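Subject: Structure for you to look at

Hello,

Here is the structure I promised to pass on. Please open it first, then read my notes below.

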Amino acid sequence: MVDLVVLAALALLVAGVVGSVVPLVPAGPLSVAGVLVYYVLAPPSAPTLGLGWVVVFTLVGLTAFAVEHLGGPLASKAGGAEPATMVAAGLASLVLLFVVGPLGILVGTVGVVFAAELRTGKASDEAVRAAAFTVAGMLASSVAQLALTLSILAGFVVAVFVL
């Protein structure tokens, strides 16, 4: 029983790490699910994971989730993009993911942000800046998610098997 619970928890934690770099996979929630599966289902004979660790890992997972969804929009705002531009870019990147694959998200987002900003009457250099900031924010949020989900996985292994 212990082995099955540990394997399920570790599988979810690894899926969270993978999800941090794969589009449309909820990295933070998967990592939190792994921690919660172990905390709730591990039998008394298994190494314990204290409630404090569960709270910390949950907060880190929620941070990863927030970074995933706010990285691009906050970066685009910093780059001067209009709010309507981000809605259009989000829809386009979602559609392009299925048409062109993961690269479609970045390429589609750049194209849509650039075109939408030009349409609002901004100069081309301002549109390029908004598109560049948006993509930089998307890439940075993936790196941040990767670091956060890896920290949950490593922390879990240390808290359960070392401490």
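Phe-57 is buried, with a relative accessible area of 4%. This is a predicted model. The ring partner of Phe-57 is Trp-53, with the centres 5.5 Å apart. Their planes sit at 25 degrees, under the 30 degree limit, so the pair is stacked. Both residues belong to helix 3, four residues apart, or about one turn of the helix. Trp-53 counts as partly exposed, at 36% relative accessibility.

The structure has two aromatic pairs. Tyr-38 and Phe-156 form an edge-to-face pair. Their centres are 5.3 Å apart, and the angle between the planes is 85 degrees. Tyr-38 lies in helix 2 (residues 27-41) and Phe-156 in helix 6, so this pair ties together parts that are 118 residues apart in sequence. Tyr-38 is buried at 1% relative accessibility. Phe-156 is buried too, with a relative accessible area of 0%.

Now the charged side chains. Side chains of opposite charge can pair when their charged atoms come close. How many salt bridges does a search of the whole structure find? It finds two. Lys-122 bridges to Glu-82 at 3.2 Å, N to O. Lys-122 lies in the loop between helix 5 and helix 6, and Glu-82 in the loop between helix 3 and helix 4, so the contact ties together parts that are 40 residues apart in sequence. Lys-122 also forms a salt bridge with Glu-117, where the closest N and O atoms are 2.8 Å apart.

Lys-122 has 19%. Buried means under 20%, so Lys-122 counts as buried. Glu-82 is partly exposed, at 33% relative accessibility.

The largest pocket has a volume of about 740 Å³. Its lining has 26 residues. Pro-23, Leu-24, Glu-68, Ile-105 and Met-138 lie nearest the centre of the pocket. Which helices each supply at least two residues of the lining? They are helix 3 (51-78), helix 4 (83-100), helix 5 (102-119) and helix 6 (124-161). By type, the lining divides into 15 nonpolar residues, ten polar and one charged. Glu-68 is among the lining residues, and Glu counts as charged, so Glu-68 is the one charged residue there.

Best wishes

Note on methods:
Residues numbered from 1 in each chain as written. Predicted model: local features only at pLDDT ≥ 70, side-chain atom pairs only at ≥ 80, totals over all residues. Heavy atoms only, no water. 1 Å grid on protein atoms, 1.4 Å probe; cavity = no way out; pocket = protein on both sides within 12 Å on 5 of 7 lines; lining within 4 Å. Points joined across faces, edges and corners; volume = space filled by probe spheres on them. Salt bridge = Lys/Arg side-chain N within 4 Å of Asp/Glu carboxyl O. Buried < 20%, exposed > 50% of the residue type's maximum accessible area, 1.4 Å probe, protein only. Phe/Tyr/Trp six-rings, centres within 6.5 Å; stacked < 30°, edge-to-face > 60°.
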